[in-house]
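This report describes the domain layout and the ligand site of one protein model.

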Amino acid sequence: MAKLTFDFNNATAGMVGDHGFTEEEIAKANDMLAGAHRAVNGRQMGFRLLPNGQEDILQDIIDTGASIRSAYDNFVVLGIGGSALGPISVGHALSYGRHGINFFVEDNVDPERLTRLFDTIDIGRTMFNVITKSGKTSETMAQLMCVADRLQKKGLALREHIVATTDEKNGNLIRIAKEEHLKTFVIPAGVGGRFSELCPVGLLPAAVCGLDIRAMLAGAAYMDAVCGREENNPAALYALLHVLGISKGINISVMMPYADSLKYMADWYAQLWAESLGKRFDRDGREVNTGQTPVGALGVTDQHSQIQLYTEGPYDKIITFLKVGSFRCDLDIPAAFPYVEDIAYLGGKTFGALLEAERSATEYALLRAGRPNITITMDDVSEYTVGALLHFFEMATAYAGEMLGIDAFDQPGVEEGKLATFALMGKSGFEEKKAEMDAQTPKKSEWIIE
Ligand code: PA5
């Protein structure tokens, strides 16, 4: 069975020197590690029930996915944040070589982008999947209202073109879904947006794309066992090194996949790490203003942009490489232009070999420059390993949250923005918030330049 391998060597002081982690530092953090282990494995965490706890709905998801794929040309997810980044990253990682339906995720309300979507698709041949846990996010509801209006104007039944994924009881979407008799999948109560890719939020889009969702969950189950271990636990160690890093000024976590298919995993990770760990207060109500800024980079593309900063700039980063053991296909580099000796070394190799040589070379350059880095190797990019990778990062985030003493599962900063949007858009009940916003110190014209 394919697996994930975690190499933490280059994060140690023995390898990268002063800015790496010493054995003493890690040993001293043993109590913190043990406490986090107790909390993560003692507390009921909704996302941990997903790998093994959804047997009752899987067949329905698989059948619904198959019937959408055979009856429609387009499948469009309407959602944002945790209700979109999972489908985007998984769709991008695993759609290689699969056909049958055009797959879109609309995670913005940019009018130009939505107009382009409607110009591109025939909505009569489209199934929309509206995903919102709260059932009331402005962006998603606006998209749904727009889609419903267009379907109705064409005389098309909403229930033939919209599937809802939302909370069982709360929010506007469940109300609309019941009223309009929409096929509905439930987001389990204890599963928050950014931890929801392995519930119907991500499983239905994956099933529509023809992916093996049982294999995704099996990969997550394998990783749940690995990351529940008391010893040799890669998620706990990943979290520990990142959390210890914060106290050493390592305030940036770079995620750098060396595979185009994993490009959006970096975006998904960025949301998970930022929204879960970026917190003002700890669990005891103390103001801590903690967190670590996630940054995405793509190998090899960003070797020619960001790596200069990573090797010579401030010592404020820990870099994670995502390495793929075996690509789904490879391509030879032909021995063309034999009269140009300078490029002869490339001829007869493969692009896969070049990509891995570049990754290895970057790892070496970072090592020489004393920059801590970690390599996660996926044997391949498959449903199983992608499910495992997602669950690994969710577990690492849960451990990091416990080590930082914060609640990794709420998002008060995001909620504040949502409420302010309600106020600005004139939602009733938000008059006070609007007045509070209006009472802000007015902007000074001398700071505005035309
Ligand atoms: O992770 C989260 O909780 C957020 O990013 C949400 O997913 C995002 O705000 C969208 O919320 P909802 O699914 O309620 O529309």
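## Basis of the description

Residues are classed as nonpolar (Ala, Val, Leu, Ile, Met, Phe, Trp, Tyr, Cys and Pro), charged (Asp, Glu, Lys and Arg) or polar (the others, Gly among them). The model is predicted: local features need pLDDT of at least 70 and side-chain atom pairs pLDDT 80 or more, whereas totals for chains, interfaces and linings use all residues. Numbering runs from 1 along each chain as its sequence is written, and side-chain values use heavy atoms, with hydrogens and water left out.

## Ligand surroundings

The ligand is surrounded by 14 residues (a heavy atom within 4 Å), with S83, T132, S134, T137 and Q271 the closest. By class, this shell holds nine polar, four charged and one nonpolar residue.

Polar contacts are pairs of N or O atoms within 3.5 Å. An oxygen atom of the ligand lies 2.7 Å from a polar side-chain atom of S134. For the side chain of Q271, the distance from an N or O atom to a ligand oxygen is 2.6 Å; for that of Q411, it is 3.5 Å. The protein buries 92% of the 380 Å² that the ligand exposes when taken alone (Shrake-Rupley method, 1.4 Å probe).

## Domains

Domain 1 (4-43 + 217-404) and domain 2 (48-211) are given by the domain assignment of the protein chain, which is automatic or from a database. Their centres, taken over C-alpha atoms, are 30 Å apart. Domain 1 contributes 31 residues and domain 2 contributes 24 residues to the contact (heavy atoms within 4.5 Å).

Terms used. A polar contact is a pair of N or O atoms within 3.5 Å; within protein, one must be able to donate a hydrogen and the other to accept it, and residues adjacent in sequence count only if both atoms are side-chain atoms.
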